Amino acid sequence: MEAHNAAVSTIASRVKQFHERQEPFRIYHGHTNSTRRSSRRADNTIDTSKLTHVLSVDKAAKTALVEPNVTMKALLEATLAHGLMPYVVMELPAITVGGGFSGTSGESSSFRYGAFDSTVASIEMVLPDGTVTRASKTDKQDLFWGAASAFGTLGVVTLLEMQLREARSYVRLTYRLAGAAGDARAKIEAECAKEGNDYVDGIVFSNTETVVCAGELTDELPEGEVAHQFLRRKDPWFYLHVEKVLKQLRRSKKPEAVHIDYVHVRDYLFRYDRGGFWVARYAYRYFFTPFNRLSRYILDPFMRAKQMYQALHKSGLADTYMVQDVGVPMEAHEEFQAWLDTQMAIYPLWLCPLRIRRDDPDSAHGLHAEFARADAPMLMNFGVWGPLAGRPTRREVVAQNRALEHEVRRLRGKKWLYAHTYYTEEEFWAHYDRASYDALRAKYGAGYLPSVYEKVRVDVEAEEAAAAGGSMAARARRGLAGVRPLPGLYGVYKLVRGGDYLLQKGEKNGVADK
């Protein structure tokens with residue numbers, strides 16, 4: 001803790017300097033899974049990139065003290081060493097604990113345990129005036145729940161106390177074939193209602209075929225059964241494996257046919273890392289590269305989600321693809337999927353049921369204060385990731401994103417803010433709880449910091465003004481940026497130059513065990 005406390009003291013001192021000048025600052029974490037552009041500079045930044053340690057794991061209390069930039073992979077490895085694991089583990093191993101907390105992340109166990117922030121017991125935080133404080137579900141609840149969705153705009157989270165559960169060695173994974181959206185929703189709701197299920201999600205391969213996946217933690221591997229793996233270079237991408245299962249279920253022609261796998265727990269939790277769910281397939285198409293087992297083996301170091309995000313940032317291609325996660329109430333599932341099919345026809349889609357309702361009425365604070373309401377609905381999350389039809393202009397891409405945001409709002413859903421956000425300010429605050437958020441900002445002196453809206457919005461007008469201006473050379477560079485595959489090659493070049501594509505085992509985080 002001495003090293004941690006020294007680091008926090010340095011951060012607090014720097015925050016205090018910004019506060020004295022009432023000068024906004026940004027937080028530098030080291031890496032990100034956001035698709036947003038950064039406005040970070042050396043003179044406007046609080047650097048938290050060294051807070052990457054699991055400080056302790058308490059086996060008796062089933063808790064861990066974790067710095068915010070610990071990755072999901074490092075957290076899982078540290079806790080598994082004690083026979084424990086987190087309740088919610090985001091599917092991409094480079095997502096950080098702090099990012100999961102501040103961004104309301106969820107995954108396939110969230111139908112039961114809620115978003116990642118619901119599994120955090122307490123936090124340490126540097127307030128906007130440089131004061132170091134603690135908040136929890138029972139003390140300073142307003143600050144705790146406000147920070148859980150604030151994207152760093154209420155202060156700097158420097159430590160989190162995680163709640164843990166007993167670990168198991170395998171996941172018994174059952175696949176069921178569903179037809180149209182109504183059948184898929186019914187099967188997902190049925191799996192969520194089963195007491196033994198720990199994980200539920202689904203992959204929509206077409207408007208009439210969805211594979212529903214339900215997982216149960218277990219230590220038993222039946223005799224003759226071989227546990228599947230998806231993390232090694234020679235392993236299949238998980239979604240390609242599910243595609244094969246789909247064909248088997250389709251051939252059976254039995255409505256209640258199932259396919260059962262046993263999967264190593266690490267491989268299940270990070271099953272979507274290789275190929276970034278399935279979006280890496282679009283990279284093969286973009287670079288005119290054959291998509292087969294050999295090419296996937298050769299290019300595997302570039303096909304992990306972290307590396308893909310980094311290349312995507314540098315290339316600017318996020319501006320031309322649909323990269324959105326949105327949740328709509330369960331009863332709106334069919335209507336929203338029909339809209340997606342008509343408007344975009346992007347497949348596969350990811351389905352993930354999310355229990356957003358917070359059981360404690362004292363949790364009604366922050367951007368998502370409404371989650372504390374007793375009638376907060378179960379959401380179906382849709383992962384919509386892929387190219388739009390044709391060769392759309394930037395303005396057409398913006399229009400499609402705006403249409404998606406409008407439809408989600410009309411259906412009383414939620415959009416997760418790691419992705420490009422095109423709302424006007426009025427639209428944004430009609431969608432999130434401004435009164436609660438602003439009250440927290442005033443109470444804790446965060447008014448001089450950027451708001452969530454200012455942090456996540458895409459300024460299209462500024463983009464267009466920049467595109468219209470500049471020197472002839474700058475305009476020529478922008479013109480080349482539209483020539484396929486030059487932007488992608490630039491993104492790969494920056495990735496190779498940084499050397500991160502060589503990291504096959506994730507971050508090297510220090511672990512001090514209790």
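The legends below describe close-up views of a predicted model.

**View 1. Helix α12 and helix α13 pack against each other.** Helix α12, which covers residues 333-343, and helix α13, which covers residues 394-410, pack at an angle of about 165°, and their axes are 11 Å apart. Because angles over 145 degrees count as roughly antiparallel, α12 and α13 are described as roughly antiparallel to each other. In this arrangement α12 passes α13 in a right-handed crossing. On the side of α12, the contact is made by Glu335, Phe336, Trp339, Leu340 and Gln343, while α13 contributes Gln400, Ala403, Leu404, Glu407, Val408 and Arg410. Sorted by class, the residues in this contact of α12 with α13 are six nonpolar, two polar and three charged.

**View 2. Helix α6 and helix α12 pack against each other.** The axes of α6 and α12 are 9 Å apart, and the two helices pack at an angle of about 135°, so α6 and α12 are oblique to each other. As in the legend above, the handedness can be stated, and here α6 passes α12 in a right-handed crossing. The residues that make the contact are Ala181, Gly182 and Arg185 from α6, together with His333, Glu334 and Gln337 from α12. When the residues of this contact of α6 with α12 are divided by class, one is nonpolar, three are polar and two are charged.

**View 3. Gln337 is shown with the residues around it in the folded chain.** Gln337 lies in helix α12, and it is one of the residues through which α12 meets α6. Its relative accessibility is 1%, and because buried means under 20%, Gln337 counts as buried. If its neighbours within four places in sequence are left aside, Gln337 is in contact with Ala181, Val204, Ser206, Asn207 and Phe382. Of these partners, Ala181 is also named among the α6 residues in the contact between α6 and α12.

**View 4. Lys187 is shown within helix α6.** Lys187 has its place in helix α6, which runs over residues 181-193. With a relative accessible area of 15%, Lys187 is buried. The side chain of Lys187 is joined to the side chain of Asp183 by a polar contact of 2.9 Å. Not counting residues up to four places away in sequence, Lys187 touches Arg176, Leu177, Ala178 and Val212.

**View 5. Helix α11 is mostly covered.** This helix spans residues 305-315, and eight of its 11 residues are buried. The buried residues of α11 are Ala305, Lys306, Gln307, Met308, Tyr309, Gln310, Ala311 and Ser315, and they pack against two other helices, α9 (280-286) and α19 (486-498). After α11 comes Gly316, a residue with a positive phi near 80°.

View 6. Thr10 is found in helix α1, made up of residues 2-21. The relative accessible area of Thr10 is 55%, and because exposed means over 50%, Thr10 counts as exposed. Thr10 and Thr48 are 38 residues apart along the chain, and in the model their C-alpha atoms are separated by 9.9 Å.

How values were computed
Residues numbered from 1 in each chain as written. Predicted model: local features only at pLDDT ≥ 70, side-chain atom pairs only at ≥ 80, totals over all residues. Heavy atoms only, no water. Helix = DSSP H or I, 4+ residues; strand = E, 2+ residues; numbered from the N terminus. Buried < 20%, exposed > 50% of the residue type's maximum accessible area, 1.4 Å probe, protein only. Polar contact = N/O pair within 3.5 Å; in protein donor to acceptor, adjacent residues only side chain to side chain. Contact = heavy atoms within 4.5 Å. Axes fitted to C-alpha atoms, helices over the stretch in contact; angles between N-to-C directions. Parallel < 35°, antiparallel > 145°, perpendicular 65-115°, else oblique. Left-handed = near helix turned anticlockwise from the far one by under 90°. Nonpolar A, V, L, I, M, F, W, Y, C, P; charged D, E, K, R; others polar.
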